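I opened this entry to record what I looked up in the structure. The notes go element by element, then on to the rings.

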Amino acid sequence: MAITPVDPQSAAGLAYAKISSYGTAGITRANAPTFIASILSAVRVDPREDWCAAFASWAFREALTGGKSGKTFPYNAGTQTILGWFESHMASRITRNPQDVLAMPGAIYIAHDSDGSGHGHMGIIMNRDVANGTLTQMITCEGNTSKPGDRNILGAFIKTREISDMGLPYGWDEVYYINTQDIAGGSWFGP
């Protein structure tokens, strides 16, 4: 499956290009401490905090400054805060059914614990793999995630996620898929 998004100036395209510029090493605190500190500073949190939501926020902010039009992504370091913004402002764009992603021109996912702990993760869904009309995998751009094949290295990486286990490896029991087409830089899948 080709993994480059159709629109390189979209949030997904910009995230893909940034991660790819670091090669297979990905973006880590060891090789890109200034970049990670800057995206965390932009959402006003300590540079030692988790940064999956800050990375997604950075990609959408870059798309907006690159001239993309639409609503502004809710820049934040908290996955729960971002999910809450979408629930308040664009509830009809949220689904729990991963198959709905097939009809979305751009999407993110947010996974978290339903226990109210606030622990969660998010990523930009960059591409989709379909078998017999059913979504089976998603290619994602994610910050503050483990390196594929090495769970001891955290960074921003391009990952393949099986639909059957979205969130399960980390114990997240709720996964939300959000259509980002109305957000600046939020559409990237071609027809």
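Entry 1, a helix. I take helices as DSSP runs of H or I with at least four residues, numbered from the N terminus. The model is a predicted one. On that basis I place Ala53 in helix α3.

Next I listed what Ala53 touches, leaving aside neighbours within four places in sequence. The contacts are Asn76, Ala77, Gly78, Thr79, Ile82 and Met122. I also checked Ala53 against Phe73: they are 20 residues apart in sequence, and their C-alpha atoms are 11 Å apart in space.

For α3 as a whole I counted 14 residues. From first C-alpha to last the helix reaches 20 Å, close to the 20 Å expected at 1.5 Å a residue. How many of the 14 residues of α3 are buried? I found 11, and noted the helix as mostly covered. Among the buried ones are Cys52, Trp58, Phe60, Arg61 and Ala63. After α3 comes Gly67, and I noted its positive phi, near 100°.

Entry 2, the sheet. I traced seven strands in an open sheet, with antiparallel pairing, in the order β1-β6-β5-β4-β3-β7-β2. Which strands stand at the edges? They are β1 and β2 (94-95); each has a single partner strand, so one side of each is left without a neighbour in the sheet.

I went through some of the pairings. Strand β1 (residues 27-28) runs antiparallel to strand β6 (residues 150-162), with two bridges. In that pairing I found Ile27 opposite Ala156 of β6. Strand β5 (residues 134-147) also pairs with β6 in the antiparallel sense, over nine bridges, and there Ile139 stands opposite Thr160. Between β5 and β6 I counted two residues, which makes the two strands a hairpin. Gly149 is in the turn and has a positive phi of about 90°.

Further along the order, β3 pairs with strand β7 (residues 174-179), antiparallel, over six bridges. I noted Ala111 opposite Val175 in β7.

I looked up His112, which lies in strand β3 (residues 107-112). I count His112 as buried because its relative accessibility is 7% and the cut-off is under 20%. Its side chain makes a polar contact of 3.5 Å with the side chain of Gln80. Not counting residues up to four places away in sequence, His112 touches Gln80, Leu83, His119, Gly120, Trp172, Asp173, Glu174 and Tyr176.

I describe a pair of aromatic rings by the distance of the centres and the angle of the planes. How many aromatic pairs does the structure hold? I counted nine.

I wrote two of these pairs out. Why is the pair of Phe35 and Phe55 edge-to-face? Their planes stand at 80°, with the ring centres 6.5 Å apart, so I noted the pair as edge-to-face; the cut-off for that label is over 60 degrees. This pair links distant parts of the chain, 20 residues apart: Phe35 is in helix α2 (residues 33-42) and Phe55 in helix α3 (residues 52-65). I have Phe35 as buried at 11% relative accessible area, and Phe55 as buried at 1%.

The rings of Trp188 and Phe189 are edge-to-face too, since their planes are at 65° with the centres 6.0 Å apart. Trp188 is buried, with a relative accessible area of 1%, and Phe189 counts as buried at 13%. I also noted one aromatic cluster made of Phe60, Phe73, Trp85, Phe86, Trp188 and Phe189.

Which ring does the charged end of Arg128 sit over? I found it over the ring of Phe189, 3.4 Å from the centre. I noted another such case at Arg61, which lies over the face of Tyr75 at 5.4 Å from the ring centre. Arg61 is also one of the buried residues I listed for α3.

How values were computed
Residues numbered from 1 in each chain as written. Predicted model: local features only at pLDDT ≥ 70, side-chain atom pairs only at ≥ 80, totals over all residues. Heavy atoms only, no water. Phe/Tyr/Trp six-rings, centres within 6.5 Å; stacked < 30°, edge-to-face > 60°. Buried < 20%, exposed > 50% of the residue type's maximum accessible area, 1.4 Å probe, protein only. Lys NZ or Arg CZ within 6 Å of the ring centre and 35° of its normal. Polar contact = N/O pair within 3.5 Å; in protein donor to acceptor, adjacent residues only side chain to side chain. Contact = heavy atoms within 4.5 Å. Pairing = 2+ DSSP bridges. Expected span 1.5 Å × (residues − 1).
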